[in-house]
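Here are two exercises to work through with the model open. Try each one before reading its solution.

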Amino acid sequence: MPLIFRLASAIGSPVRLGGITPDRLRDMSLVEIARLEVLQGNVSVALGDLFRVSGDGADGRLTFEGDLAGVHEIGRGMTGGEIVVRGSAGRHVGGGMTGGAIHIHGDAGDWLGCEMKGGLIHVRGSAGDHTGAAYAGSRRGMTEGTILIEGSVGSHLGASMRRGLVAVGGDCRDVAGLEMIAGSILVFGACGRAPGAGMRRGTIGVFGMSPVPLLPTFRAAGRFRPLFLRLIRRDLERLGFPPRDELSGEELVLYHGDLVGLGKGEVWCREDGGTP
Amino acid sequence: MNVIDSRGGRPAVESLDGRVVDTFAEAFPMTAARAIITADTRDWSRIAAQTMTGYATSVIACDAEAGIERALDESETPDGRPGFSVLVFAFSRDALEQALANRVGQCVMTCPTTACYSGLPAGEKIVSVGGRLRYFGDGWQVSKRIGGRRYWRIPVMDGEFLCEETFGTTKGVAGGNLIVMGSESGATLRVTESAVAAIRGEVRDVILPFPGGIARSGSKVGSKYRGLRASTNTAFTPMLRGVVPSEMPRGVRCVYEIVIDGLTLEAVEKATAIGVRAALKEPAVIGVTAGNYGGNLGPHHIRLLDVLARFGETA
């Protein structure tokens, strides 16, 4: 049985749950857990004042219930175990996590999985800006792990990411893969402006039917059937992402870029219309 | 029923059929890997697998022993294309890595539309294959980590060659064998072919590395010539009967050997039992025996009568 946190009432000021992770709570009693202090706004409050806590966290599973759009940093820094959010979650979910899994049965805010180093985040709804990206001033975004978003995402998806996989079932906004170092970003809907701007290496796949607005510093190589996408498809299915026929070996257009930099990145898309 | 005493060539003890020599095959541990080869079509995956396993019959003079284990359908391969699984055996992990890298590089990467993956779990003991071949990409190779495994995408003239970075290895068993002795060459060959087909059809985790699964030039250790590690197995060479000590029953005019390498001792034993049973279906087969070195070299002794008893008709 998981440890269950039910939001007691609507929260006013935003709450930061950084450090409330399965590994930390595994050996604590309900009383000890309820006494843990978290920040609400700029005030420390007891966890038990915000949530009704029940269940048992010995198996490393936490469940959050309620509208947690104002609750931030869920699973931040977690190293293992599982967190399930039945509802929407706030910003910075899974930031810097190194292991374990976070499942959000709703939407997630900005900075989802920022600088994560391992593990899995699966969002059934949509996510905000800067998913899997680097924080301001940091050199690298996510360096390992997988982020699955069945809905859409905002801008700066995977900015400066170094490794790992991000799959988006819907659309993404501008500059996905901005200054990407390596890793893979797959977007199955439409894509905003300038995907891969400044990318050094890595893979961006945009499988929506609308033209991909690439920068003029990308060069077309032709149409190919990339085999590695079949392996990714199988891995996505294993992780519970809805099956995507786009990855089963159809012919795609390959672009190399961004030639303002190293130019060893690649963008795969279905149509070559609207490209430089 | 009687079996033939391997020392005297005469019936000795009660047994299955009276044609099985009460002796054992002497097998050795070898390091093994499984390669999964896929291609756009069944034909090209077969061509790659056959080419990769060429000149790999025996470590007497080859860098490895290799063979096709079985065909794989689309649901069994990592990329959903038709393929073949190939087993490769060598005396050390270093030798195995060298043989795999050479063979995958020269025979699979060169073959149109192919890809190559490890077919064994990546445990502590691994060898680098894609990790060595990636340099062929001349700086344009790309690595992808998918599902916890790393792959190299090497650009080639028909697209890119996808190869897993490392292959898992295991301690396998090589040198299992059975020797079919017949009175008539055509019938003996046909029944040995049937034995090969039965083994390949019923047993996984094994290969029969010789051409068509059959060796006609069985060897003994050493030679009258200095420096020659192996020479013709005079005791089983019918044309030398009368001038050298023979281990063949009277009437034998043709002998074929099936060598079996497997990932586990049990798989080799099961294959041996199935092969012996298949051989005994032909009346022209006078006896079935196995090759050994007196039991002093290999740690695995596969006694024909024991495996026939353990792996019955339903084996």
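**Exercise 1.** Find the buried residues of helix H1 of chain B and work out where they sit on the helix.

*Solution.* Start with the list: in H1 (residues 42-52) of chain B, the buried residues are B:Ser45, B:Ala48, B:Ala49 and B:Met52. Buried here means under 20% relative accessible area (1.4 Å probe, protein chains only), and helices are DSSP runs of H or I with at least four residues, strands being E runs of at least two. Next, look down the axis of H1(B): its buried residues fall within an arc of 95 degrees, so they line one face of the helix. Finally, check the partners: these residues pack against strands E3 (24-38), E4 (65-72) and E5 (83-90) and helix H2 (93-108) of chain B, contact being heavy atoms within 4.5 Å.

This is a predicted model, where local features need pLDDT of at least 70 and side-chain atom pairs count only at pLDDT 80 or more, while totals for chains, interfaces and linings use all residues. Residues are numbered from 1 along each chain, chains are lettered from A, and side-chain values use heavy atoms, leaving out hydrogens and water.

**Exercise 2.** Describe the contact between chain B and chain A.

*Solution.* Count first: 20 residues come from chain B and 17 residues from chain A. Then take B:Lys144, B:Ile146 and B:Arg153, which supply 33% of the area that chain B buries against chain A (accessible area lost on being put together, 1.4 Å probe, summed over both parts). Now pick out a salt bridge (Lys or Arg side-chain nitrogen within 4 Å of an Asp or Glu carboxyl oxygen): B:Arg145 pairs with A:Glu144, their closest N and O atoms 3.6 Å apart.

Technical notes:
Buried < 20%, exposed > 50% of the residue type's maximum accessible area, 1.4 Å probe, protein only. Arc of directions from axis to C-beta. Buried area = accessible area lost by both parts, 1.4 Å probe.
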